[in-house]
Amino acid sequence: MRQVRSWCVPVVGVALVVVGAGLAAAQQGGAGETMARVETGPLDPVSPEKFAVPAVTEPYRRVTVVTTLDGVIRSLPAQVGTVVRESQELALVDRVESAAHLKIAQAEVKQQQAAFDEVKQGDRFLAAQAEARLEASKARQELAQLQVDRCSLRAPFAGTVLGVGVSAGQYLSRGAAVLELADTSSLRALIPLDRASARPGAEVEVKVGGQVATGKVQATIPLPESFSALRDLATPPVAAWVLIPNTDGKLDAGQRAEGPFLPRLPVASVPTSAVRSGGTDGREGTIQILRNETVVDIQVQVLGSPTADITQISGPLRRSDTLIVGSSVALRPGTLVRFNRADADGTGAVVEGVAPNPDDRGESARILAPATAAGVAPIGAPGSAAPRAKAPSARPGPGARPAPAKAKGAVAVPF
């Protein structure tokens, strides 16, 4: 699991300039000013490409058809892409010699049969010898017939010819590869799955070539070395062989297979206290971040089982985001947040354009409610449409230089 920096997060004073929704605490009770402390922490999102382990579909059954005797290929009816049925002839090896041996064996059987018929009513000893010679000749006939049958290479199952490595007229030795046959009526893939759902016989949805198919888990094995990147996840998965039906032939072997377990958005480890649960199964949640000086609520997916301190999440995170771990007042989405340097009374503020280092410690922020006009609700209140009113001391004048990012206080700047 990726470790983030220490979550004994320094308190950073921030000036919250209320835009739109503003602060709930500052708009209630007519308070003119509210003191707030906001805890922030760094986000170090990891690209989901790190966890995009290779997983491709392959035929459920795949064999290489070889010759079982020496000979010349006389015909090769099965070519690449041919769909064949079970026991269909794929290739034919020259069988003239084998056929001749079969004829000899058949003639010998006839001869021994005649000899046995002649003596079977006579001497019992001679009859037993004749019967034994007859049985031996029949066995040699069966061997000769087997050699003839082996000259015809047949499909062990229905499937598709994926490759042919010989040509008609080519001489082959025993054991030479002729072609490759695959059964694509079902496909299988080694896919990482959550340990809880990877039960043999369980159904799982798999995305293959842009199509969603339902497969069945056959067996689970330990993570192979090609899946080593997944060990950085909070709860490492298991590798499962998943069988995917393909009777309609819409899927092909060699397509990329994606299971439901792998994260598809950046991954980060955050304090458990910063994640608000948003789902009944505990797999979804919400965090607050500062993005472009604005409070934003982000919907995230909780990966694995959270601990008391750290939770691993996946969501639309950016490296420039700053995590809001906690705040003494409720922060509404859309609230503008700026870091500045200010005197103790809040004067002399110079607003910076970017957020400082979250590790710097600042002073308590002074929070002011948005300016209101007579009879006009604050900006962001229900039904409001008030124009923005800028405070003259809120922004730096021409030529103003930003102050160093040290010991930051804050002043709210109403718009």
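# Briefing: helix packing, ring contacts and selected residues

The structure holds zero aromatic pairs, where a pair would need rings of Phe, Tyr or Trp (its six-membered ring) with centres within 6.5 Å, counted as stacked for planes under 30 degrees apart, edge-to-face for over 60 and tilted for the rest. This is a predicted model, in which local features need pLDDT of at least 70 and side-chain atom pairs count only at pLDDT 80 or more, whereas totals for chains, interfaces and linings use all residues. Residues are numbered from 1 along each chain as its sequence is written, and side-chain values use heavy atoms, with hydrogens and water left out.

**Packing of two helices**

- Two packed helices are described by the angle between their axes and the distance between the axes.
- Helix α1 covers residues 96–119 and helix α2 covers residues 124–150; they pack at an angle of about 165°, with their axes 8 Å apart.
- α1 is therefore roughly antiparallel to α2 (angles under 35 degrees count as roughly parallel, over 145 as roughly antiparallel, 65 to 115 as roughly perpendicular and the rest as oblique).
- The axes are lines fitted to C-alpha atoms, for helices over the stretch in contact, and the angles run from 0 to 180 degrees between N-to-C directions.
- By class, 13 nonpolar, nine polar and five charged residues make up the contact of α1 with α2.
- Helices (H or I, at least four residues) and strands (E, at least two) are DSSP runs, numbered from the N terminus.

**A residue of helix α2**

- L146 belongs to helix α2.
- L146 is partly exposed because its relative accessibility is 38% (buried means under 20% relative accessible area, exposed over 50%, and partly exposed in between, with a 1.4 Å probe and protein chains only).
- L146 and L102 are 44 residues apart along the chain, and their C-alpha atoms are separated by 9.1 Å.

**Charges over rings**

- R61 lies over the face of F157, at 4.4 Å from the ring centre (a charge sits over a ring if NZ of Lys or CZ of Arg is within 6 Å of the ring centre and within 35 degrees of the ring normal).
- R188 lies over the face of W241, at 4.1 Å from the ring centre.

**V161 and its contacts in space**

- V161 is placed in strand β10 (residues 159–164), and V161 is buried, with a relative accessible area of 1%.
- From C-alpha to C-alpha, V161 and L179 are 7.2 Å apart in space and 18 residues apart in sequence.
- T82 and V161 are 79 residues apart in sequence, yet 5.4 Å apart in space, C-alpha to C-alpha.
- T82 itself is in the loop between β6 (71–75) and β7, and T82 is partly exposed at a relative accessible area of 23%.

**Two further loop residues**

- S87 is in the loop between β7 (83–84) and β8 (89–93).
- S87 has a positive phi of about 75°, although S87 is not a glycine, and S87 counts as partly exposed at 43% relative accessibility.
- G315 is in the loop between β21 (310–314) and β22 (322–327), and G315 is buried, with a relative accessible area of 0%.
- G315 and Q301 are 14 residues apart in sequence and 6.3 Å apart in space, C-alpha to C-alpha.

Definitions and conventions
Nonpolar A, V, L, I, M, F, W, Y, C, P; charged D, E, K, R; others polar.
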